[in-house]
Amino acid sequence: MNLQTKITVAAPDFSIDYNSRLMMLGSCFAENMGSKFSYYKFDVDVNPCGIIYNPLSVANVLRLLVEGKRFEKNDLREVGGKWVSLFHHGAFSSADPDECLHRINDRLTKATGELRTLDLLVITWGTAWVYKYIPENIIVSNCHKIPSREFERSRLSVEDIVREYLVLIERLREINPGLRILFTVSPIRHWKDGAHGNQLSKATLLLAIDRLREEIQHVYYFPAYEIVLDELRDYRFYAEDMLHVSGFTVDYIWERFLYSFISPEVFGLMNQIGRINKGVAHRPFEPQSEEYQRLVKKMLAEIAMISRSYPMIDFSEEKRKLNEVIVG
């Protein structure tokens with residue numbers, strides 16, 4: 001008996017392996033997927049400006065990278081004793097403006113350099129609602145607790161999004177002609193406008209992606225939203241707030257993504273790396289025991305073997321932790 005409506009994921013004309021260079025931008029769902037890629041040590045950059053929810057804020061980040069923008073103090077605002085950027089998540093904020101600029105510019109410099117050699121850009125939109133900062137007439141990524149009277153809130157139209165991205169993707173392809181772009185819509189529910197408002201917002205995003213796929217080559221879609229709503233289809237797959245998805249659901253969607261976009265040839269290597277990660281994270285009762293010392297040396301030998309075949313994979317942190325516990 002079939003108790004699920006299984007969502008079909010369209011087979012792509014590419015696959016991801018350890019030579020692929022990836023960047024993930026967007027909502028906290030992008031962070032969830034990006035953390036999986038990082039865990040298995042793929043070459044991935046996740047949200048160089050922090051978590052971003054709407055299409056125009058994601059577009060703003062991409063323009064910063066395209067233009068090689070370097071922030072200065074007059075690009076920041078002082079709010080409640082902290083210096084912030086309206087294009088960045090609060091994680092970049094600081095009581096010291098120089099520290100804030102250091103955090104921002106370090107990440108932007110790294111991501112700007114990566115943009116030209118990316119193989120795949122994964123963009124996850126969460127909502128079609130945006131906040132415009134009235135004094136400067138700009139769409140912000142984060143309001144940073146600035147008084148609400150200084151913002152104007154509105155919902156983007158399909159045309160607003162498509163018009164912006166037709167131009168933006170053309171610019172990206174001028175810099176990186178081989179770039180592929182994969183869109184997803186976050187299954188996380190934005191409940192501020194109620195159930196109907198959330199659906200209207202998500203529908204706007206889905207229609208915009210569909211238009212972009214029709215009009216531009218090498219633009220793809222992964223149905224994370226549909227997998228949660230139609231394949232899983234139960235509140236037990238959500239977190240306690242009934243808005244965010246549970247850890248199990250993130251793992252389930254990752255597995256669907258894995259078998260759709262990642263080359264089967266690297267599954268064995270991913271399993272090896274997973275075992276090493278678990279071994280490094282393990283805290284034994286007796287770290288000096290002969291048994292644990294043998295395990296540590298075995299993991300170091302396994303890392304050395306992988307590094308010979310895949311020198312691009314960075315195990316420096318794992319080697320440091322393992323070497324710290326070796327006795328003698």
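Student: Which residue forms a salt bridge with Asp13?

Tutor: This is a predicted model, in which local features need pLDDT of at least 70, side-chain atom pairs count only at pLDDT 80 or more, and totals for chains, interfaces and linings use all residues. Residues are numbered from 1 along each chain as its sequence is written, and side-chain values use heavy atoms, with hydrogens and water left out. A salt bridge requires a side-chain nitrogen of Lys or Arg within 4 Å of a carboxyl oxygen of Asp or Glu. With closest N and O atoms 3.5 Å apart, the partner of Asp13 is Arg180.

Student: Is Glu231 buried or exposed?

Tutor: The scale is relative accessible area: buried is under 20%, exposed is over 50%, and partly exposed lies in between (1.4 Å probe, protein chains only). Glu231 has a value of 2%. Glu231 is therefore buried.

Student: In which helix does Asp251 lie, given its pairing with Lys36?

Tutor: The side chains of Lys36 and Asp251 meet in a salt bridge at 2.4 Å, N to O. Lys36 belongs to helix H1 (residues 28-39), and the pair ties together parts that are 215 residues apart in sequence. Helices are DSSP runs of H or I with at least four residues, numbered from the N terminus. The helix that holds Asp251 is H7 (residues 247-261).

Student: How many salt bridges does the count come to?

Tutor: One network of salt bridges links Asp45, Arg107, Lys110 and Glu114. By the 4 Å rule, the count comes to 26.

How values were computed:
Helix = DSSP H or I, 4+ residues; strand = E, 2+ residues; numbered from the N terminus.
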